[in-house]
Amino acid sequence: DYYQEIQKVIDKVGYAIQGVFGDGNPVCYTIGLTPLLGAEILTTAPISLDTLYQMLRTNIDDFIKNKQSIPVDVFSGGYLKNGDELRCKLVDVSTNKDVLNFITVRTCNVDKVYQLYFGDINNILPGEDGYDNNFDQELK
């Protein structure tokens, strides 16, 4: 069944990523990442579910491979077509009841959850001057 398949992935890779479609953008979230990095991570953006999944997986695999903890500042999350680094940031959303409910209903009780944000078309992050609010990354 579904939960056995997820457990097989966790046993093999150390964690799993689930992608879902909701009322707004697609959402990808981790299951079982807490033992490796101390938290679960979710992300949402107005891009394809496949691309969102790949971006989340690439960043997590880099954290694990480089034995990094969760970055607290802006970091490079890959490269854009023009060769520039994609600016990313992880924000602790553990106090957001909607996020905790979303994660808890789908996985299990967790203490720490981060949301991964990406730079917009101009590589500007949410909260920075000039950010394109049409590149909506809020969980709905």
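First, the ground rules. Residues are numbered from 1 along each chain as its sequence is written, and side-chain values use heavy atoms, with hydrogens and water left out. Because the model is predicted, local features need pLDDT of at least 70 and side-chain atom pairs count only at pLDDT 80 or more, while totals for chains, interfaces and linings use all residues.

Let's start with the sheet. It is open, has six strands, and runs in the order S1-S2-S3-S6-S5-S4 with mixed pairing. S1 (16-20) and S4 are the edge strands, each pairing on one side only. Strands here are DSSP E runs of at least two residues, helices are H or I runs of at least four, and numbering goes from the N terminus. Two strands pair if DSSP finds at least two bridges between them. On average, neighbouring strands are turned by 30° against each other, direction ignored. Axes are lines fitted to C-alpha atoms, for helices over the stretch in contact; angles run from 0 to 180 degrees between N-to-C directions.

Now the S4 end. S4 (residues 75-79) and S5 (residues 85-92) are antiparallel, over three bridges. Ser 76 faces Arg 87 in S5. The two strands make a hairpin with five residues between them. In that turn, Gly 83 has a positive phi of about 95°. On to the next pair: S5 and S6 (residues 113-118) are also antiparallel, over five bridges. There, Leu 90 stands opposite Leu 116.

Next, the helices. H1 (residues 2-13) lies across S1 and S2 (27-31), at about 135° to S1. Contact means heavy atoms within 4.5 Å. H3 lies across S1, S2, S3 (40-44), S4, S5 and S6, at about 35° to S2.

Does length fit for H3, or what span should we expect? Its 17 residues (49-65) should span 24 Å at 1.5 Å a residue, and the end C-alpha atoms are 24 Å apart, which agrees. The expected span is 1.5 Å times one less than the number of residues. Buried residues of H3 include Leu 52, Met 55, Arg 57 and Phe 63. Buried is under 20% relative accessible area, exposed over 50%, partly exposed in between, with a 1.4 Å probe and protein chains only. Just after H3, Lys 67 takes a positive phi of about 50°.

Last, cysteines. Cys 28 counts as buried because its relative accessibility is 0%. Cys 88 is buried too, at 0%.
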